[in-house]
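The sequence and the model are shown first, and the text follows.

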Amino acid sequence: MDSVRTRDQIIRVVIHVILIIMSIIMIVPFLWMALTAFKTVQESTSIDPFIIFPSEWHFENFAIVWENYNFLGLYKNTLLMIFFRVLCAVLTATMAGYAFGRLNFPGKKLLFSLVLIQMMVPPQIFLLPQYLMVSNMNMLNTTFALVFPGLVSAFGTYLMKTSFQGLPRDLEEAGSIDGCNIGQRFLLIMAPLTRSGMVSLGIFTAVFAFKDLMWPMIACTRSETTSLSAALARMQGQFAANYPQLMAAALMACLPMIVLYLIFQKQFVEGIATSGGKL
């Protein structure tokens, strides 16, 4: 008995050591970015591997980036893009998921096959038609242009369909007996029970929107209308780059998602655990 307990303790210690090592490996790039933000250009490009900490902490890198690149406007554009993409994706995907998961109508299998096909196709294929649509509406370089690709979500429709399919039909039947129509059954009975699926969809949509690079660079070419990811990409010089200022901008760009995670940490964990997915 003692040998079994000792073996379990050894296995537990080994697992914890491996997890600690992997955590350190994952956090090293972030720490390197944070330390580089306080260095000079010479220190950041030095080949000496022992120059880890800056000789002097240069906080002016953050002030220069804040003044030169209008970070307040970038924060506003990015947060608006995330908010409206999450709102639109959750609304449309929840209604479409309910229709595909609980209702029977002509062409249901064909339409859902089109949704699955859209998930299989690389998103870069949709860039040109989306750009032409936004351009014909004269909405380039606007918040609407940033939000436009996220108005609907094929992944969200599939996720919410599986969420609705996991609910027992007795609930809808009880609602029908009480005199509820389709809209009342959806709003009052079924939708509140898929809150975990909505949270998961909101998390994935927010992260994907924050990481979106190609579309903001194409649809919003002006610095005052673009997002954080596109602005960071444009900071890289053609022949040289000021790495301390670039890392300072990257560190500042991480703040919105860090704050959102700290505020909604419980919902993040529940959403990822419920969906079984990973970011």
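## Surface patch and packing

A nonpolar patch on the surface is formed by Ile 20, Ile 24, Ile 27, Val 28, Phe 30, Leu 31, Leu 255, Ile 258, Tyr 261 and Leu 262, which together have about 880 Å² of accessible area. The model is predicted: local features need pLDDT of at least 70, side-chain atom pairs count only at pLDDT 80 or more, and totals for chains, interfaces and linings use all residues. Residues are numbered from 1 along each chain as its sequence is written, and side-chain values use heavy atoms, with hydrogens and water left out.

Patches are made of residues with over 30% relative accessible area and no salt bridge; like charges are joined within 9 Å, and nonpolar side chains (Val, Leu, Ile, Met, Phe, Trp, Tyr) within 5 Å. Accessible areas come from the Shrake-Rupley method with a 1.4 Å probe, and for residues only the protein chains shown count as cover. A salt bridge is a side-chain nitrogen of Lys or Arg within 4 Å of a carboxyl oxygen of Asp or Glu.

Helix H1 (2-36) and helix H14 (243-263) each supply at least two residues of the patch, and H1 gives the most, with six residues. Helices (H or I, at least four residues) and strands (E, at least two) are DSSP runs, numbered from the N terminus. Phe 30 lies in helix H1 and is partly exposed, with a relative accessible area of 35%. Buried means under 20% relative accessible area, exposed over 50%, and partly exposed in between (1.4 Å probe, protein chains only). Tyr 261 lies in helix H14 and is also partly exposed, with a relative accessible area of 35%.

The largest nonpolar core has 35 residues, and those with the most contacts inside it are Phe 62, Val 65, Phe 71 and Leu 228. The largest share of this core, eight residues, comes from H14. A second, separate core of 12 residues includes Met 160, Leu 167, Ile 189 and Met 190. A nonpolar core is a set of buried Ala, Val, Leu, Ile, Met, Phe, Trp, Tyr and Cys residues joined through side-chain atoms within 4.5 Å. Apart from neighbours within four places in sequence, Phe 62 is in contact (heavy atoms within 4.5 Å) with Ala 37, Phe 38, Ala 248, Leu 251 and Met 252.

Six of the eight residues of helix H13 (residues 228-235) are buried, so H13 is largely enclosed by the rest of the structure. The buried residues of H13 are Leu 228, Ser 229, Ala 230, Ala 231, Leu 232 and Met 235. They pack against helix H3 (60-68), H4, H11, H12 and H14.

Helix H11 (residues 195-211) has 17 residues and reaches 24 Å from its first C-alpha to its last, close to the 24 Å expected at 1.5 Å a residue. The expected span is 1.5 Å times one less than the number of residues. Among the buried residues of H11 are Gly 197, Leu 201, Ile 203, Phe 204 and Phe 210. Gly 202 also belongs to H11 and is buried, with a relative accessible area of 12%. Its contacts, leaving aside neighbours within four places in sequence, are Val 86 and Val 90.

What residues form the salt bridge? The structure holds one, and in it the side chains of Asp 212 and Arg 85 meet (3.2 Å, N to O). Asp 212 lies in the loop between H11 and helix H12 (214-219) and Arg 85 in helix H4 (residues 71-102), so the pair ties together parts that are 127 residues apart in sequence. Both Asp 212 and Arg 85 are buried.

Ala 154 is placed in helix H8 (residues 154-165) and counts as buried at 10% relative accessibility. Beyond neighbours within four places in sequence, Ala 154 is in contact with Val 115, Gln 118 and Met 119.

| Pair | Separation along the chain | C-alpha separation |
|---|---|---|
| Gly 202 and Val 86 | 116 residues | 5.4 Å |
| Ala 154 and Leu 114 | 40 residues | 9.1 Å |
| Tyr 261 and Lys 211 | 50 residues | 15 Å |

Backbone angles come last. Most residues other than glycine have a negative phi. Phi of Asn 70 is near 50 degrees, a positive value; Asn 70 lies in the loop between H3 and H4 and is partly exposed at 39% relative accessibility. Phi of Asn 141 is near 60 degrees, again positive. Asn 141 lies in the loop between helix H6 (127-136) and helix H7 (143-147) and counts as buried at 15% relative accessibility.
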